[in-house]
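Hi,

Here is the structure I said I would pass on. Have a look at it first, and then read my notes below.

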Amino acid sequence: MSATPQGYRGRFAPSPTGPLHFGSLVSALASWLDARAHGGAWLVRVEDIDGPRTVPGAAEDILATLAAFGFHADEPPEWQSRRTGLYRGALDRLIASGHVYPCGCTRKEIADSQLGAHQRNTTLIYPGTCRDGLHGKPARAWRLRVPDAATADEPAGAHANPALIRFDDRWQGPQHQNLATEVGDFVLLRADGQWAYQLAVVVDDAQQRITHVVRGADLLDSTARQVWLQQCLGVPTPAYLHVPVVTNADGEKLSKQTGAQALDASRPLEALMAAARHLGLELHDTAPATLAAFQLDAIDAWKRRLAQLPAA
Ligand SMILES: [Zn+2]
């Protein structure tokens with residue numbers, strides 16, 4: 001086994017809800033290219049924390065497909081389902097520090113509390129009902145407190161509003177989200193006993209010492225929550241890069257739910273060339289004979305592509 005390079009550590013984190021499709025290939029390629037362009041380590045983490053959505057055998061199928069496409073992780077893959085002790089430990093630390101509190105609200109109660117109020121996608125903005133206690137209801141979930149929004153008479157400077165999370169995305173440019181008004185206190189341990197994605201991903205990125213997160217832009221909206229959670233846990237915030245998502249003919253994000261087809265592992269170069277085009281890479285060799293030839297060309301093209309981005 002080769003020594004792990006110091007410094008840059010990136011990862012690809014597929015959810016085993018079905019076979020690898022073109023949309024996830026784009027994310028895998030981007031994260032792999034960025035790690036290689038930095039001379040860093042590239043890890044694979046199977047995000048099988050959502051038990052009900054995990055399809056048996058899908059993770060093994062994804063790992064085999066990655067290998068067929070020339071993606072070889074520098075360390076053995078991690079499995080979120082085997083790491084729940086780490087999530088429990090992080091929640092216990094957040095309980096001790098007062099960052100989280102038990103919530104007894106049902107989904108219907110949260111919906112009823114904001115009839116007529118705006119909703120964020122399909123996620124209801126939690127009104128903070130249980131911040132000061134459960135009001136006699138049994139605890140269902142654990143929520144993380146977000147900072148209170150600044151009041152209107154406070155100065156509107158860059159640092160005036162603690163609820164406003166800012167970060168620079170290496171592809172998408174400067175980002176900001178007001179956690180108080182756009183998200184609300186969010187769930188880390190769900191009523192059904194499942195660990196929330198936000199907690200698992202933050203704990204894993206920190207524990208695996210990930211320095212650079214490269215993933216699809218469908219997760220851009222989660223990033224501010226993850227940055228806040230990192231601050232609450234006292235762990236570093238990695239650099240973020242969100243690549244454009246692949247959509248189908250109806251403009252929906254490509255996924256198993258929107259009918260994405262499994263990749264053909266017997267013809268990896270064809271799909272890899274298409275993924276490189278999706279990322280706007282200008283390859284010198286338009287008909288590479290081998291995976292190795294494609295990879296060398298694509299790493300150089302990735303470096304040139306990053307230099308063209310407005311965020312560079
Ligand atoms: Zn509540």
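Which residues does Glu 78 touch, not counting those up to four places away in sequence? They are Val 44, Arg 45, Val 46, Arg 83 and Gln 208, where contact means heavy atoms within 4.5 Å.

Before the rest, a word on the ground rules. This is a predicted model, so local features need pLDDT of at least 70 and side-chain atom pairs count only at pLDDT 80 or more, while totals for chains, interfaces and linings use all residues. Residues are numbered from 1 along each chain as its sequence is written, and side-chain values use heavy atoms, with hydrogens and water left out.

Back to Glu 78. You'll find Glu 78 in strand 3 (residues 78–79); strands (E, at least two residues) and helices (H or I, at least four) are DSSP runs, numbered from the N terminus. Glu 78 has 28% relative accessibility, so it counts as partly exposed (buried is under 20% relative accessible area, exposed over 50%, partly exposed in between, with a 1.4 Å probe and protein chains only). Between Glu 78 and Leu 254 there are 25 Å in space, C-alpha to C-alpha, and the two are 176 residues apart in sequence.

Asp 50 is another one to click on. Asp 50 sits in the loop between strand 2 (41–46) and helix 2 (58–68). With a relative accessible area of 18%, Asp 50 is buried. Leaving aside neighbours within four places in sequence, Asp 50 is in contact with Arg 190 and Gln 194.

Now for the whole chain. The protein chain has nine helices and ten strands. Its radius of gyration is 21 Å, close to the 20 Å that the globule rule gives for 312 residues, so the chain is as compact as a globular protein of that length (the radius is taken over C-alpha atoms, and the rule is 2.2 Å times the number of residues to the power 0.38). Along its principal axes, the C-alpha trace spans about 65 × 45 × 45 Å. Of the 312 residues, 47% are buried. Among contacts between residues at least 6 apart in sequence, 75% join residues at least 24 apart.

Finally, the chain exposes about 14800 Å², and carbon and sulfur atoms supply 54% of that; these accessible areas come from the Shrake-Rupley method with a 1.4 Å probe, and for residues only the protein chains shown count as cover.

Cheers
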